[in-house]
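Subject: Handover of the model and notes on it

Dear colleague,

I am passing on the structure below, followed by my notes on what was found in it. Please read the two side by side.

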Amino acid sequence: MSAPLSTRQFIEQRLERLRQAPRSIGRGRLKRVTGLLLEVEGLQIQIGGQACIQHESLGTWIDVECIGFDAGIAYFMAFDPVVGLSPGAPVFPLDVPQRSEGGYRMRTGIASLPIGPALLGRVVDGLGRPLDGLGGALWNNSIVVPTKPNPLKRTSVSEAFDSGVRAINALSTIGRGQRVGIFAGSGVGKSVLLSMLTRNCVADVIVLALVGERSREVREFCEEHLNETARQRAVVVAAPADSSPLARAKGAEYATNVATWFRDQGRHVVLIVDSLTRFAMAQREMGLALGEVPVSRGYPPSVFARIPELVERVGNGENALGSLTTFYTVLLEGDDVTDPVADAARSVLDGHIFLSRELADAGHYPAIDVEKSISRIMPRVVTEAHVQAARRVKQLVSRYMNSRDMVSMGAYAPGNDEELDLALKKWPSIRGFLRQGMNESIGLTESAEQLAMVLAGE
């Protein structure tokens with residue numbers, strides 16, 4: 001039997017074990033960089049876990065997130081541009097002590113603005129970091145994702161939403177808590193309609209997510225399209241096109257987090273995501289980087305799983321006092337309505353508003369194609385008389401559009417078709433009814449009254 005250790009010997013043994021222990025816990029090494037994908041070996045981390053790569057030459061850190069793994073290799077993507085990394089750069093999970101010459105230090109996360117009332121009037125990036133230079137960022141170790149409401153406990157959509165846009169209020173009335181897609185090609189007045197919605201809609205809070213759009217549009221939208229009243233109740237989340245795919249995807253998710261938080265506090269919230277297509281493109285870049293096989297026009301299967309995940313988090317929650325009405329813009333490349341992202345969006349949204357290039361080219365704004373636009377919630381939130389009046393106007397618009405070429409060529413003699421005669425008679429008043437100035441706001445009641453006036457004397 002060995003003699004008992006003295007106190008000094010016991011301490012010396014423990015110190016020796018500490019000297020032989022790894023310098024840091026959970027330390028990995030950068031093995032390979034392929035495009036935007038960073039391969040790290042020797043690090044155990046879950047998907048969605050955040051880490052940081054030490055930029056040894058500059059003494060700075062690059063924040064990354066795990067998006068997949070394969071055996072002993074973890075795949076990461078950076079939030080910000082990656083420049084100057086060298087092979088074997090150390091990678092540490094957040095909240096893990098790292099030994100250095102000055103002692104142990106620990107990186108706790110990204111300095112971002114906490115979700116709360118202080119966000120109103122602010123402009124942040126896709127991770128919540130302030131872009132307006134007003135400060136207030138705090139360190140946090142993760143982006144908190146609110147829990148998805150129980151489907152059986154969600155508050156039903158039963159109240160009309162006042163968009164301030166006459167064509168929408170009258171012909172495709174939206175309900176508080178509805179999810180609507182704005183489908184448009186490039187250059188057909190999408191920004192004009194978004195500006196009208198942010199200025200004129202009746203809501204307590206507006207959350208605007210600019211995802212994958214041109215960076216110059218961020219300042220332009222804030223200065224030109226948001227008036228002082230709208231700016232005080234708005235939160236702008238900007239993840240422009242020059243951001244990494246991960247940052248763009250996080251932009252839509254962070255804006256959704258902000259909107260659902262305010263909804264759960266009993267506020268009436270409007271969330272505008274511009275655009276859902278750019279979110280899908282960011283997810284496509286991430287999926288292809290991981291080696292997913294494209295199945296539809298270059299989009300891998302994960303994209304069509306992520307779109308419902310994002311959309312199903314919005315809408316009304318369990319707090320009956322709050323609501324979350326959401327508008328997603330969907331870019332129709334080449335005005336193709338069969339675009340896979342557009343098809344996926346239509347299947348999960350509660351209505352859609354189509355913008356017409358023909359109307360935009362003719363100077364008709366907002367360029368809403370009332371024939372193709374529909375609100376599935378409209379019969380629940382307006383009177384039967386309103387529904388019938390809207391259907392009647394759409395019938396007259398359709399009749400006019402289908403016969404206008406024949407009329408313009410002089411191939412139609414008045415009196416042969418009573419329905420067409422009525423459509424031709426009403427067309428000037430219908431066209432004026434569908435037009436609206438960008439700074440003009442027309443409420444629900446006024447829109448319904450003007451709709452009835454258009455059909456008066458039929």
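This is a predicted model: local features need pLDDT of at least 70, side-chain atom pairs count only at pLDDT 80 or more; totals for chains, interfaces and linings use all residues.

I begin with a piece of sheet, in which β3 and strand β6 (residues 90–93) pair in the antiparallel sense over 3 bridges; strands here are DSSP runs of E with at least two residues, helices are DSSP runs of H or I with at least four residues, and both are numbered from the N terminus. Two strands count as paired if DSSP finds at least two bridges between them. Within this pairing, A51 has P93 of β6 as its bridge partner. On β4 (residues 60–70), β3 has another antiparallel partner, joined to it by 6 bridges, and there Q54 stands opposite W61.

Residues are numbered from 1 along each chain as its sequence is written, and side-chain values use heavy atoms, with hydrogens and water left out.

To return to β3, which covers residues 50–55, the strand is largely enclosed by the rest of the structure, because 6 of its 6 residues are buried (buried means under 20% relative accessible area, exposed over 50% and partly exposed in between, with a 1.4 Å probe and protein chains only). Q50, C52 and Q54 point one way from the strand, while A51, I53 and H55 point the other way, and all are buried.

For the protein as a whole, there are 14 helices and 20 strands, and the C-alpha trace spans about 115 × 40 × 40 Å along its principal axes. Buried residues make up 51% of the 458 residues. Of the contacts (heavy atoms within 4.5 Å) with a separation of 6 or more, 71% are between residues 24 or more positions apart.

A polar atom of the N200 side chain lies 3.2 Å from the backbone oxygen of E440. Once its neighbours within four places in sequence are left aside, N200 is in contact with D162, S163, G164, Q436, M438, E440 and S441.

Finally, there are some backbone geometries to check. Most residues other than glycine have a negative phi, and most peptide bonds are trans. The peptide bond from D274 to S275, however, is cis, with omega near 15°, and S275 is placed in the loop between β17 (268–274) and α7 (276–289). Another cis peptide bond joins Y365 and P366, with omega about -5°, and P366 is in the loop between α10 (357–361) and β20 (374–375). As for phi, A71 has a positive value near 55°; A71 is found in the loop between β4 and β5 (73–78) and counts as exposed, at 73% relative accessibility. R297, also a residue other than glycine, has a positive phi near 50° and lies in the loop between α7 and α8 (301–311).

With best wishes

Methods:
A polar contact is a pair of N or O atoms within 3.5 Å; within protein, one must be able to donate a hydrogen and the other to accept it, and residues adjacent in sequence count only if both atoms are side-chain atoms.
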